[in-house]
Amino acid sequence: MILLFSGGRDSALLAIQHLSRIDILLHFMYDHPAQLQEAKAVKSIYRFIKKIKPSISLVVYRIPIQAQAMHIGFGERGFRVVPCRNAIMISMAANYALSYGLRSLMFGANLDDYEGYEDCRPDYLASMSSLMGIKIETPLIGMTKKQISEKIAQYPDIERLAWSCYEPEPVSGLPCLRCDSCIINDGGLCV
């Protein structure tokens, strides 16, 4: 199975909870404010997990997603809606999985994503799964970000490596503590 892996709390929780089923962590890099912090989190979590499951692989692709909506302003509240971002990533992950004989993929869509991200909704994902001929698993779909934060706290070694801030401080690169993700993710504990 492939896990779409951003290095955030959602995908980090899935990585540790479903490690026995995951063959590949698939990370997509694209132009957005926290791409460097995400990449660092991905590599750090991968190194940690690799010690537990040496056979797991990390695949990183740079993709040309138009993500200007992610740049709404340092510390500003609001959705960072990137049109079809998850649909693009799911399609690419399905292509990769099916090419290597894998029949399922997983990603961290959750209850708080429902409002702002149409391509994280259960009916949309069921349609994509059917059309692409691959099982799309979303174990966190019934959980809020707060519940995910409480769950990942049970894995402090993974939690401290995850990154979930949308738009880090421009100079220091630290979490802004004010964006929606920082606020939803347990009062700004994004690193």
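Reader: Which residues lie nearest the centre of the largest cavity, and how many residues line it?

Author: Let's start with the general idea. Rolling a probe the size of a water molecule over the atoms shows where empty space is left. In this predicted model, 33 residues line the largest cavity, and Ser-6, Asp-10, Glu-38, Arg-85 and Asn-86 are the ones nearest its centre. The elements that each give two or more residues to this lining are α1 (9-17), β2 (24-29) and α3 (85-99).

Reader: Which element gives the most to that lining?

Author: That is α3, with 4 residues. By kind, the lining residues of the largest cavity divide into 16 nonpolar, 10 polar and 7 charged.

Reader: What volume does the largest cavity have?

Author: About 630 Å³. The structure holds 1 cavity of 30 Å³ or more.

Reader: Now the sheet, please. What is the order of its strands?

Author: Again, the general idea comes first. Strands of a sheet pair through backbone hydrogen bonds, either parallel or antiparallel. Here, 5 strands form an open sheet with parallel pairing, in the order β3-β2-β1-β4-β5. At the edges are β3 (57-62) and β5 (135-137), each of which pairs on one side only. From one strand to the next, the twist averages 25 degrees.

Reader: How many bridges join β1 and β4?

Author: There are 2 bridges between β1 (residues 2-4) and β4 (residues 104-106), which pair in the parallel sense. To find one of the partners, look at Ile-2: its bridge partner in β4 is Leu-105.

Reader: And which strands does α1 lie across?

Author: α1 lies across β1, β2 and β4, and runs at about 160 degrees to β1.

Notes
Residues numbered from 1 in each chain as written. Predicted model: local features only at pLDDT ≥ 70, side-chain atom pairs only at ≥ 80, totals over all residues. Heavy atoms only, no water. 1 Å grid on protein atoms, 1.4 Å probe; cavity = no way out; pocket = protein on both sides within 12 Å on 5 of 7 lines; lining within 4 Å. Points joined across faces, edges and corners; volume = space filled by probe spheres on them. Nonpolar A, V, L, I, M, F, W, Y, C, P; charged D, E, K, R; others polar. Pairing = 2+ DSSP bridges. Axes fitted to C-alpha atoms, helices over the stretch in contact; angles between N-to-C directions. Contact = heavy atoms within 4.5 Å.
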